[in-house]
Amino acid sequence: MSSRIHLLSPRLANQIAAGEVVERPANIVKELVENALDAGADRIEIDAEQGGVKLLRIRDNGHGIGKDDLPLALSRHATSKITTLDDLEAVGSLGFRGEALASISSVTRLTLTSRAEQAEEAWQVTAEGRDMVASVAPAAHPQGTTIEVRDLFFNTPARRKFLRTEKTEFSHLEETVKRLALSRYDVGFTLRHNGKVIHAVRPASRDIDREKRVAQLLNPTFMDSAVHIEREAAGLTLQGWVGLPTFSRSQADMQYFFVNGRVVRDKLVVHAIKQAYRDVLYHGRHPAFALYLWLDPKLVDVNVHPTKHEVRFRDGRLVHDFLFRTLHKALADVRPDAQLAPGG
Ligand code: ADP
Ligand code: MG
């Protein structure tokens, strides 16, 4: 064993970092779709083959990447989204770590094709799990970006073993796409698996279209037994739909919560919602909801974990009380005979 200290090669450093963000195809889709959203895309197409392990292709019509920036896009800690610590504290973009593309390209065969806004031509870089020496070649592409990722973990067999069946991997991937599609009504999403369209939702601007999208992605009958929530207080805004007890579930599988447009799974949030339903839901039943919380980005820290699922509220108690009170009241306000029905 060598005892001298040396720097890890960029490839190995990236592969280690990839362990944190890339566990399965669903994680890659999340990162790539978030990049497309950050680029201002309003149409995002996702193609997956064999659960996303064989191929993932994410195509967007965002602002694209200029030729000179292309190799940098694949480098670690390279981002166009923040420059200073102040930016980090008020980060509005979904990405900011500058890590995803470097990590993903270190464990896949990645091709990135992009045409920047107002650019005459499109350019392409490829990286096959090697050090970040991608060459730039001309390509054909409309404005926007397509990233193709093939053969996940082809060079890290130990990680490959942890992948599950095609069906399981695809269901994770589909869930991820659902969450993203719920997070941004103004963006059209298409998801195909092995060439078959699984979800296709168009950009929605009117309330009725939003409702349709939620119903389309959650369950066609959800809206029939849901209460619309809209409340603003103390700098917090909550909007969305919560299912009546009649629409309760045997699993917590239809719970969507977004903080400033970001998909979040947070203990404090879960607890507040659970409390609000405590008196109206039978033991062992779980509510269904799609809720959107908005607050000053300075009052919430999203830089807690690389996957950014967790957040830290500056004033957790305020958020908890606000959620609890709003939902508790909304549920208490519905007709009493709609309550406590056993549901399906
Ligand atoms: P981050 O999103 O944290 O900045 P990434 O590794 O995901 O880091 O992406 C690196 C950079 O590549 C981004 O900051 C952005 O400038 C550029 N980029 C990645 N994907 C896209 C895309 N779909 N459209 C435009 N630019 C992109
Ligand atoms: Mg990113």
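Ligand 1 is surrounded by 23 residues in this predicted model, a residue being counted if its C-beta atom, placed from the backbone, lies within 6 Å of the molecule. The closest are Asn35, Ala39, Thr79, Gly95 and Ala100. By class, the shell comprises nine nonpolar, nine polar and five charged residues; Ala, Val, Leu, Ile, Met, Phe, Trp, Tyr, Cys and Pro count as nonpolar, Asp, Glu, Lys and Arg as charged, and the others, Gly among them, as polar.

The largest nonpolar core contains 87 residues, and Val29, Val33, Ile58, Ile104 and Leu291 have the most contacts inside it. Such a core is a set of buried Ala, Val, Leu, Ile, Met, Phe, Trp, Tyr and Cys residues joined through C-beta atoms within 7 Å, where buried denotes 20 or more other C-beta atoms within 10 Å of a residue's own. Helix α2 (residues 25–38) gives the most to this core, with seven residues. Domain 1 (10–201) and domain 2 (219–338), with bounds from an automatic or database domain assignment, both contribute residues, so the core lies between them.

Thr113, in strand β3 (residues 109–115), is buried, with 22 other C-beta atoms within 10 Å. A separation of 41 Å divides its C-alpha atom from that of Glu230, 117 residues apart along the chain.

Residues are numbered from 1 along each chain as its sequence is written, with chains lettered from A and ligands numbered from 1 in the order in which they are written. Local features need pLDDT of at least 70 and side-chain atom pairs count only at pLDDT 80 or more, whereas totals for chains, interfaces and linings use all residues.

Definitions and conventions: Buried ≥ 20, exposed ≤ 12 C-beta atoms within 10 Å, placed from the backbone. Helix = DSSP H or I, 4+ residues; strand = E, 2+ residues; numbered from the N terminus.
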